[in-house]
Amino acid sequence: MSSAQNPTPEAATEAGPRPGRLTAAAALAALEGLALVAGGAWMLVLGFTGHPDDRTSAVTGGITLIVLALLPLLAARGLLGRRGWSRGPAVITQIMALPVAYNLLQADSVAIPVGIALAVVAVTALVLLLNPGTTRALGIRGPGNERK
């Protein structure tokens, strides 16, 4: 592959400053990742110090959330570095967040505002990630748009 088909970080730097929408998308992905880490840590603490119904489930759930946090955190780092591969994991994270937000909105509790916030963040991040300017900044070209 030539450098035109697979841009290097140096090529991305030469293309100009990082667009604000790319930085915003990275910030939203990082925010989601940090929220997953916080939720996982909270579950772990409750699992070890509290009196959960099932300690094993609490610990497993906490560890799972912390591991899942790696996807948006790595995607955020890649977006900040203008790596083309990072858009896929970031989009997947947003798509996975939408059903979670929907389920939170169905609850009759304090979870409703959290569901609203998650839905707003996920939709906003999707719009930012799928924006043509973001696609160009990441060096992603669609089919038939190869440089010669």
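Figure 1. Helices here are DSSP runs of H or I with at least four residues, numbered from the N terminus. The model is predicted: local features need pLDDT of at least 70, side-chain atom pairs count only at pLDDT 80 or more, and totals for chains, interfaces and linings use all residues. Residues are numbered from 1 along each chain as its sequence is written, and side-chain values use heavy atoms, with hydrogens and water left out. A58, V59, G61 and G62 of helix 3 are buried, the term meaning under 20% relative accessible area. Seen down the helix axis, the buried residues of helix 3 fall within an arc of 165°, so they line one face; the arc is taken from the directions from the axis to the C-beta atoms. An α-helix has 3.6 residues a turn, so residues three or four places apart point the same way. Helix 2 (20-49) is among the elements that cover the buried residues of helix 3.

**Figure 2. Length of helix 3.** Helix 3 comprises 14 residues (55-68) and should span 20 Å at 1.5 Å a residue; the expected span is 1.5 Å times one less than the number of residues. The end C-alpha atoms of helix 3 are 20 Å apart, which agrees.

Figure 3. Q94 lies in helix 5 (residues 87-105) and is buried, with a relative accessible area of 0%. Contact means heavy atoms within 4.5 Å. Leaving aside neighbours within four places in sequence, Q94 is in contact with E32, V121, A122, A125, L126 and L129.

**Figure 4. The largest nonpolar core.** A nonpolar core is a set of buried Ala, Val, Leu, Ile, Met, Phe, Trp, Tyr and Cys residues joined through side-chain atoms within 4.5 Å. The largest one has 15 residues, and L22, A25, L28, L79, A90 and L129 have the most contacts inside it. Helix 2, helix 4 (70-80), helix 5 and helix 6 (111-130) each supply at least two residues of this core, and helix 6 gives the largest share, five residues. With neighbours within four places in sequence left aside, the contacts of L79 include L22, A25, A90 and L129, as well as R18 and L138.

Technical notes: Buried means under 20% relative accessible area, exposed over 50%, partly exposed in between (1.4 Å probe, protein chains only).
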